[in-house]
Amino acid sequence: MADLHQGLVVAHLGKGIAVEVGDDAGKAAEQLVLCQTLRKLDTVVVGDRVMLSMSSPEQGRIEQILPRRSVLQRPSRGNDTRPVAANLDTIFIVFAAEPECDFLLLDQYLAICENCNIDAALVLNKVDLPLSAAVEAGLAYYQNLGYSLHRVSANQKIGIDGLQEVLAQRTSMFAGQSGVGKSSLTNALLPERNLKINSVSEITRHGRHTTTAATLYHLPGGGDLIDSPGVAIFGLAGLSEGQLAWGYREFQPYIPKCRFNDCRHVNDKDCAVRLAVETGEIATERYQRFLKLREKMPPGNRN
């Protein structure tokens, strides 16, 4: 077999997969290589570290996916899932005063992160707009659970430098409902974003007509940002009922205290989670949203 080179997957393209190759791949890579994959391999995604063989200076084949420290999945056909990004350290969940904050979606993102070995943080965009007391109270609750909150305005350039400092030295992704300003935030952090897209597209010889599903950017201030426009909602297809409950951070101390190991935390006898709700140790609103998410789960995932 030809010599193998290590690389970092930076984009999925219409004609293949763009991989950065070089001794310092992921920082100042020497070259971009357009790759196909060995058929027997699992799905290769942006953020993957891979081993590849080179057929020319600009073309190669991915032979191996190196072990992942984390993988983010989304629902596929039926009750299946498929990976969309790998080796993420943190997902920054973006929301705003407008559109109205969807706490149910926020809880869904957090539950997934808790189960995927990915840290979660909150980003309140459009801080120049007034925020209701109810939303402020909700945010304080999340902060008390240990989730960090970053208040920014992409359009007003408020808090962007501080967010960049947090993004440095890690691989991150923005998630959130449509209209909260994820693209505006990405553009504020990456003023030369389109240059990256053009340079990646150039290796396919199709220029701007190449469609890019996901791209990994190296931030000027350090760190990597994976932009995956198609991943608005991850879904719950990959989680079991027990994992959903564990995804609620404040449930975790109480779950082992439930009478039954397979407690559903609904009507089960001697449920420590429900008792904590009744005594005010767990917010009723969060528990009610847990019940709603549980009902949204595919039937095969529930007890």
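Which residues in α3 meet which residues in α4? Ile160, Leu163, Gln164 and Leu167 in α3 meet Leu185, Ala188 and Leu189 in α4, where contact means heavy atoms within 4.5 Å. Welcome to this predicted model, in which local features need pLDDT of at least 70, side-chain atom pairs count only at pLDDT 80 or more, and totals for chains, interfaces and linings use all residues. Residues are numbered from 1 along each chain as its sequence is written, and side-chain values use heavy atoms, with hydrogens and water left out.

**The chain as a whole**

- The protein chain holds 8 helices and 13 strands; these are DSSP runs numbered from the N terminus, with helices being H or I of at least four residues and strands E of at least two.
- Of the 303 residues in the protein chain, 50% are buried, meaning under 20% relative accessible area, while exposed is over 50% and partly exposed is in between (1.4 Å probe, protein chains only).
- Among contacts in the protein chain with a separation of 6 or more, 65% come from residues 24 or more positions apart.

**Helices α3 and α4**

- Helix α3 (residues 160-167) packs against helix α4 (residues 182-189) at an angle of about 85°, and their axes are 11 Å apart; axes are lines fitted to C-alpha atoms, for helices over the stretch in contact, and angles run from 0 to 180 degrees between N-to-C directions.
- That makes α3 roughly perpendicular to α4; angles of 65 to 115 degrees count as roughly perpendicular, under 35 as roughly parallel, over 145 as roughly antiparallel and the rest as oblique.
- The residues of this contact of α3 with α4 divide into 6 nonpolar, 1 polar and no charged (Ala, Val, Leu, Ile, Met, Phe, Trp, Tyr, Cys and Pro count as nonpolar, Asp, Glu, Lys and Arg as charged, and the others, Gly among them, as polar).

**Helix α1 and its two partners**

- The axes of helix α1 (residues 103-115) and helix α2 (residues 133-144) come within 12 Å and cross at roughly 15°, which makes α1 roughly parallel to α2.
- On the α1 side, Phe103, Leu106, Asp107 and Leu110 meet Val135, Gly138 and Tyr142 in α2.
- By class, the contact of α1 with α2 has 5 nonpolar, 1 polar and 1 charged residues.
- With helix α8 (residues 284-296), the axis of α1 comes within 10 Å and crosses at roughly 75°, so α1 and α8 are roughly perpendicular to each other.
- Phe103, Leu104, Asp107, Gln108 and Leu110 of α1 make this contact with Arg286, Arg289, Lys292, Leu293 and Lys296 of α8.
- Sorted by class, the contact of α1 with α8 has 4 nonpolar, 1 polar and 5 charged residues.

**The annotated binding site**

- An unreviewed UniProt entry places the feature "binding site" at Cys258, Cys263, His265 and Cys271; UniProt positions follow the numbering used here, feature names are shortened, and annotations may be inferred rather than shown by experiment.
- Cys258 lies in the loop between α6 (241-246) and α7 (272-278) and counts as buried at 7% relative accessibility.
- Leaving aside neighbours within four places in sequence, Cys258 is in contact with residues including Cys263, His265 and Cys271.
- Cys263 has its place in the loop between α6 and α7, and is buried with a relative accessible area of 9%.
- His265 lies in the loop between α6 and α7, and is buried with a relative accessible area of 4%.
- Not counting residues up to four places away in sequence, His265 touches residues including Cys258, Cys271, Tyr287 and Phe290.
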